[in-house]
Amino acid sequence: MPELEPFEEGRAIAATGAGGAADLAMAEAETVEGAPGGPHGTGTDKKPRSLWSDAWHDLRRNPVFLVSGLVIVFLIVISLWPSLIASGDPLSCDLAKAQEGSQPGHPFGYDGQGCDVYTRTVYGARTSVTVGVLSTLGVAVLGSVLGGLAGFFGGTGDSLLSRITDVFFAIPVVLGGLVLLSVVTGDTVWPVIGFMVLLGWPQISRIARSSVITAKQNDYVQAARSLGASNSRILLRHIAPNAVAPVIVVATIALGTFIALEATLSFLGVGLKPPAVSWGIDISSASAYIRNAPHMMLWPAGALAVTVLAFIMLGDAVRDALDPKLR
């Protein structure tokens, strides 16, 4: 029987040939256990970050996200309170000043009807942001629900949804807008929003379906099912939080696309119509005077381009933060 050496710091060390190695291993184990980041330590890394906290950690250090986020916040603010930076009336026009250039108090000049281009550009942000946000919400909700349920339950419903989405993908968006909006007319944004939701949900539906199919094959879903969890609980508590990231990325990028689509339809005369204030309407009105008064098109077109680019950049930054393969 190996004799024990005297107690050293409250423990006995066996005096064997392997005693040194055993003692070293125990010492290392105690060091790891009592380290600041160890199981009983008080370090900041003792609790692992979730996907969302890790993504937010990366986004805060991404200059693309910060710049695009500031632009989008500014657009939202002037959409809600345009009078903060534009005190005039976008519908107040003076034909005597038609097509005039920049003047004191009117930095963007006047359009073909003598309306202040600066004021109309600021107020046009409200229409574009409203159409983009509401269309994106409608597309995300409808597409996520239909695609998620089809991917979770499968069967005939899944096959039927796949064929329906194939039909919608075959419809050209601009041509569909020309046909549908020329029949369904109105002086509000709702026909345009309804058209975008109608033709925009299949893309989100396919993304949600594939995400749910991937998530439901994970071990934690099988464990929850074996413990007797209901389908609604599995879908809402276990699958949805882990399958929603791709939907958020695609919806963020699609928001900028919807804003550009609204301007395109308004330019073609089937979207919003006067007296509504829209960048697409102003670009359409200025196209006839582009040689004599290019400022009429420059500012609304520039605002539209910056807005679409900001949302696309935001979507790219969110995609990079949420996709582990891109880390």
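Modeller: A residue counts as buried when its relative accessible area is under 20%, as exposed when over 50%, and as partly exposed in between, with a 1.4 Å probe and protein chains only. The model before us is predicted, so local features need pLDDT of at least 70 and side-chain atom pairs count only at pLDDT 80 or more, while totals for chains, interfaces and linings use all residues. Residues are numbered from 1 along each chain as its sequence is written, and side-chain values use heavy atoms, with hydrogens and water left out.

Biologist: How many helices and strands does the protein chain have?

Modeller: Helices (H or I, at least four residues) and strands (E, at least two) are DSSP runs, numbered from the N terminus. The protein chain has 12 helices and 0 strands. Of its 327 residues, 38% are buried. The accessible surface, found by the Shrake-Rupley method with a 1.4 Å probe and, for residues, with only the protein chains shown as cover, comes to about 18,300 Å² for the protein chain, and carbon and sulfur atoms hold 65% of that.

Biologist: Which cysteines form a disulfide?

Modeller: A disulfide is a pair of cysteine sulfur atoms within 2.5 Å. A search of the whole structure finds 1, formed by C93 and C115, whose sulfur atoms are 1.6 Å apart. Both C93 and C115 lie in the loop between α3 (63-80) and α4 (117-153), so the pair ties together parts that are 22 residues apart in sequence. The torsion about the S-S bond is about 70°, so this disulfide is right-handed.

Biologist: Are C93 and C115 buried or exposed?

Modeller: C93 is partly exposed, because its relative accessibility is 38%. C115 is buried, because its value is 3%.

Biologist: At what angle do the axes of α4 and α9 cross?

Modeller: Axes are lines fitted to C-alpha atoms, for helices over the stretch in contact, and angles run from 0 to 180 degrees between N-to-C directions. The axes of α4 and helix α9 (residues 231-243) cross at roughly 115° and come within 12 Å. From α4, the contact (heavy atoms within 4.5 Å) involves L149, F152 and F153, and from α9 it involves N231, I234, L235 and I239.

Biologist: What does S135 touch?

Modeller: S135 belongs to helix α4 and is buried, because its relative accessible area is 0%. Leaving out residues up to four places away in sequence, S135 touches I193, M196, V197 and F258.

Biologist: Where does I259 lie?

Modeller: I259 is in helix α10 (residues 245-268), and it is buried, because its relative accessibility is 0%. Beyond residues up to four places away in sequence, the contacts of I259 include S128, G132 and L304.

Biologist: Which residues does a cis peptide bond join?

Modeller: Most residues other than glycine have a negative phi, and most peptide bonds are trans. Here a cis peptide bond joins P274 and P275, with omega about 15°. P275 sits in the loop between α10 and α11 (279-286). Q99, a residue other than glycine, has a positive phi near 65°. Q99 is found in the loop between α3 and α4 and is partly exposed, because its relative accessible area is 30%.
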